[in-house]
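Hi everyone, thanks for making time for this.

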Amino acid sequence: MIDRDAVRNNANYLRNVRPIDPDEIADYIEGGAHPAVVRETLREEAFDLRLRETEEGTFVPVPEETVSPPGWEPDAFPDAYTFQLEDLLVREFGANWHVDESGDRLREVVRRLKTDYLYANDVAYGEDAALGYAVYHLPDYYAAVGYVLDDLAENAHLDRVVRVLDVGAGVGGPALGLHDYLPDDAVVDYHAVEPSAAADVLDHMLEATGRNFRASIHRETVEEFLGLETDETVPAGDTSDIDGEGGDDDGDVSVGHPPGEEPEPAHPTDDPFDLVLFGNVLSELEDPADVVEAAMDALAEDGSVVSLAPADLNTATGLRDVERAVEGRRDDATVYSPTLRLWEGATPTDRGWSFDVKPDLAVPPFQRRLDEAADRGPDEEPGEFLNVDVQYAYSILRRDGARRADVRASPGRVARMAESEDHVTDRVNLLAVKLSHDLSDGGNPLYKIGDGSQQLEHYLVCTRETSLNEDLRRADYGAVLFVENGLVLWNDDEGAYNVVVDDETVVDIVAP
């Protein structure tokens, strides 16, 4: 049993002198210690000591600076992860995994998963289902998480030493995206909660991550992990699967302990998390608002809960319902982005269907193989098993009151969207968050907006672009806009308010 205090003390002494060499520290330990044991101890203590392991096997301090936005805009799923997934497919089904019976099974899995999401059915992941899900969804979920992390990094809310809880981690898309988003000198204590057979795929995919991405997989439901009481019925996300095979039920990765008497096992929630991820899982939970609320209890005071969902109506509006429910229950829950509350004390009650759109990825080879090997009729078009669109809804909640843009509406200067009924056919000023890309189908550009008070859907409709209102088109999703002299109209067909932007209207970006 090694003296951990001695290892820590020596590491702290040497950190500002020279790279920490396990061989050197081994010589300083009373009674001696094997360098390999010292190395493993340093790895286990690295997070608390803010140390990262170099390729040479030494340990150096992690820079104090927070993560800066890295210019995230992947154009393809990385080759390293492509090879890792293909390796798993070949192990499971052989070199021709995409044809004959195995290919048909995977294609059927993808079809059923798409149907389940479309109709909001419960989804469960057995071995085949997990692999089919990985083929279809790993690339777009990998890309999406980095764009969302930009919201935190741009305001210095993402540290280089970060403790992460990934709820419903699935096959690893968000985990791999997080890994690649962070700089090489970051240290991550990553905990995945995944009860299904998807955990086996996740475990394999995480083998391609770096040495300073320390991962633990907890094969239990999030309700069990967070200590929530559950009934005796089968919960959403159960390990039973759609192809009849259950998942592996291995335990968690064990952790080291100090010398002396065997301590009570530490639970990961004993220490707070800096980042809690809900990557495309809220729609699969029995009580998602309860789970997110419990996750906030496990969050550091300056930490963030990041939730993502597919852009379709059911999952995107479901995510927004959860955001609003948690905000209403907790005094310390603040919407950081993208749906800022621009009016103090206001909460929106509109449908809340809002999602971001980013550039498509290149078609990964594993999707192309699965699609090209499909049996099709003469009138059926290829592409059923290609999924390279990066479209997603997201929410970031924090406990410290921080918001992506510290902008507030001023009564008397701008109108509340909650009061739009009183302003129909009037020209008004608005402070608004841009909550969509152009939604028109070749007509006048149309953008969803909100100010946090809206009770029904609001849209900006540009009937004539000028140099004074072109910021409406130029602004990114989530930007805060000041709209001067917009004409409020009621759209009876859509049950929504249209605010006309024309040559009498000025639009300025207040916060990009």
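Before I point at anything, a quick word on naming: helices here are DSSP runs of H or I with at least four residues, strands are runs of E with at least two, and both are numbered from the N terminus. And please keep in mind that this is a predicted model.

With that naming, let's go to the loop between β6 (273-279) and α10 (288-297), where we find Asn-280. Its phi is near 60 degrees, a positive value in a residue other than glycine. Is Asn-280 buried or exposed? Asn-280 is buried, with 6% relative accessible area.

Arg-50 is another case: phi is positive, about 55 degrees, and again this is not a glycine. Look for Arg-50 in the loop between α3 (35-49) and β1 (51-53). Arg-50 has a relative accessibility of 17%, and buried means under 20%, so Arg-50 counts as buried. I picked these out because most residues other than glycine have a negative phi, and most peptide bonds are trans.

On that last point, have a look at Ser-337 and Pro-338: the bond joining them is cis, with omega about -5 degrees. Pro-338 sits in the loop between β8 (334-337) and β9 (356-358).

Now to a helix pair. The axes of α6 (residues 127-153) and α8 (residues 198-205) come within 8 Å and cross at roughly 55 degrees, which means α6 is oblique to α8. The crossing is right-handed. On the α6 side we have Ala-130, Leu-131, Ala-134 and Leu-138, meeting Ala-198, Val-201 and Met-205 of α8. That contact has seven nonpolar residues, no polar and no charged ones.

Thanks, and happy to take questions!

Notes: Residues are numbered from 1 along each chain as its sequence is written. This is a predicted model: local features need pLDDT of at least 70, side-chain atom pairs count only at pLDDT 80 or more; totals for chains, interfaces and linings use all residues. Side-chain values use heavy atoms; hydrogens and water are left out. Axes are lines fitted to C-alpha atoms, for helices over the stretch in contact, and angles run from 0 to 180 degrees between N-to-C directions. Angles under 35 degrees count as roughly parallel, over 145 as roughly antiparallel, 65 to 115 as roughly perpendicular and the rest as oblique. A crossing is left-handed if the near helix is turned anticlockwise from the far one by less than a right angle, and right-handed if clockwise. Contact means heavy atoms within 4.5 Å. Ala, Val, Leu, Ile, Met, Phe, Trp, Tyr, Cys and Pro count as nonpolar, Asp, Glu, Lys and Arg as charged, and the others, Gly among them, as polar. Buried means under 20% relative accessible area, exposed over 50%, partly exposed in between (1.4 Å probe, protein chains only).
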